[in-house]
Amino acid sequence: MTIGVLALQGAFVEHEQRLTELGAQAVQLRCKEDLQQALDGLILPGGESTAMGKLLRELDMLEPIREKIRTGMPVLGTCAGLLLLAETIENDTRTHLATMSITANRNAYGRQLGSFYTEQRFADGKIIPMTFIRAPYIRSVGEGVTVLAAVDNRIVAARQKNQLVTAFHPELNDDSTVHAYFLDMISEYKTAKR
């Protein structure tokens, strides 16, 4: 299984480490040509969503990634990646890929000092560690979106078909639950395509 990890900015190396631990191959996506590879899924990591959106446009990667997602390729967006996928960003006039039917609130927990760690149940499974750094949260979800986790009544993880988002950074802890869930999504997708 080969997963493309957007490597323009942010915490992409840690995602690669989690994928490798689970036996998947991670390849860095830095330019439009990198998207030509045979990929089974995509990860949009945390970082700065405005900077990432700008770079995606400048490198002409935005539309090819949007098309891959629209045609069913599984994608995991964490923190800034969630904002890249959100159809609406409540406190920002810009949107980026805008493929997931969610309304997000950018920097919802405040600046760096508002960062925190907690543990909460994910996808009706086990309780996992969640690290929030200048994190967004999901204000509301549209039709077909399943809420997978909430902290203090705020949605922090959700799924819509082939799209999975977390407001927290699952790559920054030793727990690989979210990445394993994502790899299962990819397996489902590949089976359905056959």
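How many salt bridges does the structure hold? I looked it up and got twelve, taking a salt bridge as a side-chain nitrogen of Lys or Arg within 4 Å of a carboxyl oxygen of Asp or Glu.

**Ground rules.** I'm working on a predicted model, where local features need pLDDT of at least 70 and side-chain atom pairs count only at pLDDT 80 or more, while totals for chains, interfaces and linings use all residues. Residues are numbered from 1 along each chain as its sequence is written, and side-chain values use heavy atoms, with hydrogens and water left out.

**Asp 174 and Arg 18.** I found these side chains meeting in a salt bridge at 3.8 Å, N to O. Asp 174 sits in the loop between strand 12 (163-166) and helix 5 (177-193) and Arg 18 in helix 1 (residues 12-21), so the pair ties together parts 156 residues apart in sequence. Helices (H or I, at least four residues) and strands (E, at least two) are DSSP runs, numbered from the N terminus. I then checked accessibility: Asp 174 is exposed at 73%, whereas Arg 18 is buried at 6%. Buried is under 20% relative accessible area, exposed over 50%, and partly exposed in between (1.4 Å probe, protein chains only).

**Arg 66 and Glu 63.** This salt bridge comes out at 2.1 Å, N to O. The two residues are three apart in helix 3 (residues 62-70), which means about one helical turn separates them. Arg 66 is buried at 12%; Glu 63 is partly exposed at 45%.

**Strands 7 and 8.** I see strand 7 (residues 116-121) and strand 8 (residues 127-132) pairing in the antiparallel sense over six bridges; two strands pair if DSSP finds at least two bridges between them. Arg 121 stands opposite Ile 127. The two strands form a hairpin with five residues between them, and Ala 123 in the turn has a positive phi of about 55 degrees.

**Lys 126 and Asp 175.** I got a salt bridge of 3.0 Å, N to O, here. Lys 126 is in the loop between strand 7 and strand 8 and Asp 175 in the loop between strand 12 and helix 5, 49 residues apart. Lys 126 is partly exposed at 47%, and Asp 175 is buried at 17%.

**Network.** Which residues join up? Salt bridges link Glu 48, Asp 92, Arg 94 and Arg 106 in a network.
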